[in-house]
Amino acid sequence: VVSVAWETEGLQTLGIVVIVCASVKLLHLLGLINFTEDSIDDEQEQSMVRHRPEALEKLEAQTRFSKKELQILYRGFKNECPSGVVNEETFKSIYSQFFPQGDASRYAHFLFNAFDTDHNGSVSFEDFVLGLSTLLRGSVQEKLNWAFNLYDINKDGYITKDEMLDIMRAIYSMMGRCTYPVLKDDAPRQHVEMFFQKMDKNKDGVVTIEEFLDCCQKDENIMRSMQLFENVI
Amino acid sequence: MAAGVAAWLPFARAAAIGWMPVANLPMPVAPTEKNKRQDELIVLNVSGRRFQTWRNTLDRYPDTLLGSSEKEFFYDEETKEYFFDRDPDVFRSILNFYRTGKLHYPRYECISSYDEELAFFGIIPEIIGDCCYEEYKDRKRENAERLMDDQEDNKDSKLPNMTFRETMWRAFENPHTSTMALVFYYVTGFFIAVSVITNVVETVPCGSSPNQKDVPCGERYTVAFFCMDTACVMIFTVEYLLRLFAAPSRYRFMRSVMSIIDVVAILPYYIGLVMTNNEDVSGAFVTLRVFRVFRIFKFSRHSQGLRILGYTLKSCASELGFLLFSLTMAIIIFATVMFYAEKGSTSSKFTSIPASFWYTIVTMTTLGYGDMVPKTIAGKIFGSICSLSGVLVIALPVPVIVSNFSRIYHQNQRADKRRAQKVQKARLARIRISKTGTSNAFLHSKRNGLLNEALDLTGSTEDERHHNKTTSLLESQHHHLLHCLEKTTNHEFVDEHLYEQNCLEGALQNYTSRSPSLSSSGGLTGTCCSRRSRRKSAHLPNSAMSPGPPHGLQELSAVHIHRSDRPPLSTSRSSLNLMPDEAMRLNCKSGQITTAIISIPTPPGTTPEGDGHGPPSPSVQTTAGSSVVKVSAL
């Protein structure tokens, strides 16, 4: 009988405890009492960066594009990026749309870093147009400089084999899987070896800007292909 | 390549310079633009509203109308703009597609008009953006269902040459098709009601014999009830057998729910007949009688609401399952708690957990019979929690079921409303009048034209001719067109009255066909008959009749051509009558008839309509015995 009495008592207490907890929770729900600090989640909205480019005349002076060309460029730019700046994700997605078979995100990453000259994580229209100006209207020297800058991932003035391998892998990954002949895994590495054989004159394992410029200017193919996109705009 | 980012293509090409130094092979030559145009604004005039955009914007999608050279067809030299005679509101969405790369579907737009515009401008609807695609698909599905309903209703119109079996099946499925079906429908309904009421009344105690307690009526008037039961079961059996006979797929019919209900409803009777002698199983037989109540489900053939309810419950099976599961969980939890809470109190009814189930169910559904009540404080606390949670748990899935039911019910309402509207004679009449308006005008002018000729011949007054010149240029061109068609087909337009008269006259007289019967599907070819006439000979309309868009109904079952034996003497006229619902009738006034069944869809707006002809012009008469072929389309 005692045990039964204990059971009843126990359950009674349990019942009362349940009631009390439920009512407290209800009051908390209704907002009448706050016993924990409400951590309001900071809205994770991206800071709506709005960037207006410099005036048309200024850009015209800085780059080698005419006013009309700048207008066309800006219209396309603003269409894709209404906020005025491109962040890396958008950049990757835009660039990937041109290469549907493969994965262009790696190469886009390097491109982004090449365009983002002030390294603030976003490419504004000025960066964009300055980069394009070099690529399309610059002298061969400037183009080669730009390419070197692209390959030199850590911007220390030397292209190491690892950096080149990264770049090469990125380029090859844009090809995708379905290629002819079938893409082998060490193709990038082989290509890097060839590149270094050609470029690295003093065989010190890195390619400096001088070696690079020197070698490229001697190579007819490269010189010719640099002129290829003269009239893209 | 994604055309949406076409503006970035120059950038992508420029960035390709990054590959050059690592390349070992020479690059291919870049394509040069033949005529490099400066980007220019082009003006698109859509029904008066002018849209302007860059040419490059439109060139992003070269496989559409605006992006290709197809738009040059719409170029207006004088105003130097592209003119499209289309809906400017929908064009907004289409132009935005070029601008942003995303196609949106505006909600207020009618789905078929939107589809038409998309088709015109060469844009496939699949590229509608994710934001609007769901809505688009929903509306499209609704539209397709509606069209299917319409088609089914059209199919209801009697098809010729249905076998007896098919007729019966149709009569069973749609009682409205014929009077016999309706009678059958009501008779079965009546007998179902009678049977159910009999079953109910059987158990009512009626009148007590002095020595015993009240006997139920069933035992008092055994014979009467047995006769009633027999009669009902016989009707049901006959009905079931007829349905079984008429069903197009007997196996499928036997598996369907309604037939199972039918069988279950009548089986107890037959089992009872077989088993009355055996005393042992008669107890089981009594239980079988309970299945007679299933006869009430036969009413679901008669009541659409019942069917909808059943369909709803079926479609909400998952919600119901969830409800059941959550209820079971709660019942078990609370029953356990209540049992242990009430274990201590004396003379408690909560003798075991399953015994507490009853209390929990009664409490959760807020029934509260009061045969079991908790006495301890803990029991009362948990009991109240139980009843509160019961209200919540049951209230949650119910709105889902209700909304499902409501949606299905409204769909059915819509279908019914539409069907009712269709039957409305007024609407049909209005449509017919509007269609015959033009044809009447044509025939009127034709008659006047003939009259004019006659008048010319007789040299009558001029003023009668004047008031016939009121037809506008458009009308006269239309009339000219219809006239050309008549000349082409050597048939004429007559009005419906005359046509129906002819039908009645010569209906079904002669079935022998001398000439080969022609049947074609998808178009009309073939000659009707070679009837000699003074003016014209009748031909079936050749494909100049424009059989219509491929999606219309096209049935040309048989064209039987008959020639009468009489020497060809007189003229005859054939009439091209158009029923509003797309059946073209060819009618030749004839002494002998044929039956030809042709139904051609009338392409919207382009069909020649032929109807009422006034009194036949005196120069064209039919005489009996002409070898005229009447081709009637059903």
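Hi everyone. A crossing is left-handed if the near helix is turned anticlockwise from the far one by less than a right angle, and right-handed if clockwise. Two quick notes on the model, then the helices. It is a predicted model, where local features need pLDDT of at least 70, side-chain atom pairs count only at pLDDT 80 or more, and totals for chains, interfaces and linings use all residues. Residues are numbered from 1 along each chain as its sequence is written, chains are lettered from A and ligands numbered from 1 in the order in which they are written, and side-chain values use heavy atoms, leaving out hydrogens and water.

Let's start in chain A. Helix α7 (residues 140-151) and helix α10 (residues 209-218) of chain A have axes that come within 10 Å and cross at roughly 130 degrees. That makes α7(A) oblique to α10(A). In handedness, α7(A) passes α10(A) in a right-handed crossing. On the α7(A) side, the contact (heavy atoms within 4.5 Å) includes Leu144(A) and Phe148(A); on the α10(A) side, Phe212(A) and Leu213(A) are among the residues involved.

Now over to chain B, which has 21 helices and 9 strands. Buried residues (under 20% relative accessible area, 1.4 Å probe, protein chains only) make up 38% of its 634 residues.

Take helix α3 (residues 88-100) of chain B: at 1.5 Å a residue, its 13 residues should span 18 Å, and its end C-alpha atoms are 18 Å apart, which agrees. Its buried residues include Val90(B), Phe91(B) and Tyr98(B). What do the buried residues of α3(B) pack against? They meet β1 (41-46), β2 (49-54), α2 (55-59) and α4 (111-120) of chain B. Thanks, all!

Terms used
Axes fitted to C-alpha atoms, helices over the stretch in contact; angles between N-to-C directions. Helix = DSSP H or I, 4+ residues; strand = E, 2+ residues; numbered from the N terminus. Parallel < 35°, antiparallel > 145°, perpendicular 65-115°, else oblique. Expected span 1.5 Å × (residues − 1). Buried < 20%, exposed > 50% of the residue type's maximum accessible area, 1.4 Å probe, protein only.
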